[in-house]
Amino acid sequence: MQGAEVSEAATKPARARAGRPRAVWALPGVLFFAFFAVVPMVLAFYLSFTEWDGLGDPRPVGLDNWKKLIDDPRITQSLWLTFLLTVCSWLFQTVVALLLGVWAAGKQRNRAVLSAIFFTPLLLSSTAVALLFYALLDPNFGIIQKDTLGSSSGAFLAIVFVGGWQFMPLHTLIYQGGARQIPQVLYQAAAIDGAGPLRQFFSITLPQLRHTVTTSSVLIIVGSLTYFETVLILTKGGPGTDTAILPYLMYEAGFKSYDFGYASAIASFLVVTATGLSLLLVRLTGFGTMRSTREGM
Amino acid sequence: MGSHTSIGGRSFSRRWVLGAGATTLLTTGLSACGSSGGSGSGGGTLTAFVYGDDAVKVQQAAVDRFNKSAAAKKAGGTIKLERIPGSDYSPKLRTAMGSPGAPDVFFNWGGGSIKPYVEAGKLIDLTDIIENDEVLKKGFLPSVLAAGDLKGRHYGVPMRGMQPVILFYNKSVFAEHKLTPPTTWDQLLDINAKLKRAGVTPFALGGSDIWPELMWLEYLVDRLGGPEVFRRIQDGDAEGWGDPAVLKAAEMVRDLVDDGAFGSKFTSVSYVNGGAPAVFAKGKAAMHLMGSWEYSTQLGKFPDFAKKDLGWAPFPKIEGGTGDARNVVGNPTNYWSVNARVSNKDAAIAFLKESASREYARDLVANGDVPTTSNAALLLGDAPNPEYARFQYQMVEEAPAFTLSWDQALGDELGTKMHTEISKLFAGKSSPSRFVAACKGLK
């Protein structure tokens, strides 16, 4: 994962190499990844240039699926929805998880107990979470007896909320870990200079957490791009097509319409977009240069 | 209820961690299941795939009977039943049929649901076999046998109960407001107005599943323009959507929705999770247009309501419409089809005849189903509710036409796209004319 080691050793290659395990240790992991991720990805990319209904052999059709992808008005709508979902999920999850994580890194009473409770949603499967909220949002027998999932904005916000509810604990945990790494001397110095808690948060905590923010953001953004079960169970892309994000369209094309060629084109498009986005994020935030937040301390 | 594909489409048990390549992953995964499951061509044992719901006990009994029969011995083959969980049935069948583990005999919905297999040359054309066999030829109601056809050829033999769509009503709500079930569209609108004034939602509708919305369009188009309108679309002429009956039906749907006939929250009500049946049983809605399985659903969830207050009626006729008011829509039944690469064709055909037997029909009746066999009428007295069973049987027997549910008839690809357009129409995201235009563009 991107948020791994940001150590001084990285800047001194010769010494670092001496203590490193040989590449052969990575072989099982690489093989596993190749077989279950790279090979299917390449196959999906190949399928995107064919027409295949799951019976018989795929028939090559050149760029037809990709042309269809560009012309399909549903793709345009779904790109916009995917973008909106990503932004809203990022805002919602980052703000809440950051505050919760920093709080949970402190020494308050009952903090450990409360942190454990916050963590529970992550232990539930997405399907269970979605089914639970589906029941809670039932317009006639749920706790909110409104047409939530039947209105475009209601359905969209429900997806953002349910996803946030489920994945926030993970990000809280990441922020908690990050916040605990911040040396206490910084806060002691700031306190002597007369900085209050708010000033300390913005001048010390936030800058020190910038790599943590990047790690968590990449996870949230790539996660939002592959968001699926919640949409399938809560809205099935509805009302109409107003919550049909890209992964849902891919599912619909593949496993409801049996148009595997087109579904593969959508899948390949998603891979490219997700990879591009995370590379861009890493580049823009300076995360890739591996500079420590504690440089010069 | 289980035999509707839209329920079958819900396969949300899988984790989609990798959006990338998930398609291929799952495909290979499913094929793997397929090849391990089907014993395929070896040892005189034929594999039969069946939709694995509660009704499967009827098929299991038939297989057990067949395997011990003289017919099986003569043909030199036995059947092994593979129950596929309902939500996975369609994708699993699709991937299995493309693999060496393909079933020899399999359950389906007829019509468009088998079209890709027919086009790929994977099914045996049963027309001549049925014509030349007394048991198969005279065993089933002709309209039901024909409803699973593709271009006038039989590819399947009926093997489950009939599932016509019926207008159910709540007898106590009707009595309270001094109403009788509508026989004409004007009466329906009149009842609609009276119920709304009384603060009762006229119709329950599980809009989030979409296929309950489709039932309204199916009946409206049939009553307005007759079964020929959809028959033309089913046969591949997308211009058929331009028939005035389709536009008129879409307008009537919009009027009902705008009028509040389905209440204000129907787009987020589901049938599958029990929402719509509960609204109906609890008297919050007075009527429910639904497949015949509504009776057993209610019997399971609200037995008192099902026994005392559940009433049923045919869909009303529409003044000025050219469709016969006795026509029926829904799922005529399910069918067994035979793989063209079956290892022992004689055994497969001998097994199909089991579905026309008296024992088989009796098992269906005991299960609460109404068989589509021609001898069924004699057995209905043993049904859990003989009155309801006879109503259904007569309705289908007297129907000049039984139109297969449009999504089943069109097949998965078109059916899915049509669902999207229907959902937009009901949710107010599309107008009747845009609905027609969008449907004409479906391919």
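# Close-up views of a predicted two-chain model

Of the 297 residues of chain A, 46% count as buried, where buried means under 20% relative accessible area, exposed means over 50% and partly exposed lies in between, with a 1.4 Å probe and protein chains only. This is a predicted model, in which local features need pLDDT of at least 70 and side-chain atom pairs count only at pLDDT 80 or more, while totals for chains, interfaces and linings use all residues. Residues are numbered from 1 along each chain as its sequence is written, chains are lettered from A and ligands numbered from 1 in the order in which they are written, and side-chain values use heavy atoms, with hydrogens and water left out.

View 1. Chain A has 13 helices and two strands; helices (H or I, at least four residues) and strands (E, at least two) are DSSP runs, numbered from the N terminus. Among the contacts in chain A with a separation of 6 or more, 70% join residues 24 or more positions apart; a contact means heavy atoms within 4.5 Å. Zoom in on the loop between helix 11 (229–234) and helix 12 (246–256) of chain A to find Pro239(A). The peptide bond leading from Gly238(A) to Pro239(A) is cis, with omega near 0°. For context, most residues other than glycine have a negative phi, and most peptide bonds are trans.

View 2. Chain B is divided into domain 1 (2–161 + 333–401) and domain 2 (163–329 + 411–440), with bounds that come from an automatic or database domain assignment. Their C-alpha centres lie 28 Å apart, and 23 residues of domain 1 of chain B are in contact with 23 residues of domain 2 of chain B. The largest nonpolar core has 95 residues; such a core is a set of buried Ala, Val, Leu, Ile, Met, Phe, Trp, Tyr and Cys residues joined through side-chain atoms within 4.5 Å. Trp185(B), Trp216(B), Phe262(B), Met287(B), Phe426(B) and Phe435(B) have the most contacts inside this core. Helix 12 (residues 211–225) of chain B gives the most to this core, with nine residues. Both domains of chain B give residues to this core, so it lies between them. Apart from it lies another core, of 49 residues, whose members include Leu55(A), Tyr89(B), Leu93(B) and Leu123(B).

**View 3. The surroundings of Phe262(B).** Leaving out residues up to four places away in sequence, Phe262(B) touches Thr201(B), Phe203(B), Leu205(B), Trp216(B), Leu256(B), Val257(B) and Phe426(B).

**View 4. Helix 12 against helix 13 in chain B.** Helix 12 and helix 13 (residues 227–234) of chain B pack at an angle of about 115°, with their axes 6 Å apart. Here the axes are lines fitted to C-alpha atoms, for helices over the stretch in contact, and angles run from 0 to 180 degrees between N-to-C directions. Val221(B), Asp222(B) and Gly225(B) of helix 12 of chain B meet Pro227(B), Glu228(B) and Val229(B) of helix 13 of chain B. By class, this contact has three nonpolar, one polar and two charged residues.

**View 5. Thr416(B), facing chain A.** Thr416(B) sits in helix 22 (residues 412–427) of chain B and is buried, with a relative accessible area of 8%. Beyond its neighbours within four places in sequence, Thr416(B) is in contact with Glu252(A), Lys256(A), Ser257(A) and Gly411(B).

View 6. His154(B) lies in the loop between helix 9 (142–147) and strand 4 (157–158) of chain B. At 11% relative accessibility, His154(B) is buried. Not counting residues up to four places away in sequence, His154(B) touches Asp125(B), Leu126(B), Thr127(B), Ile130(B), Leu145(B), Ala146(B) and Asp149(B). Lys151(B) is found in the loop between helix 9 and strand 4 of chain B too, yet counts as exposed at 68%. Phi of Lys151(B) is near 50°, a positive value in a residue other than glycine.

Conventions: Nonpolar A, V, L, I, M, F, W, Y, C, P; charged D, E, K, R; others polar.
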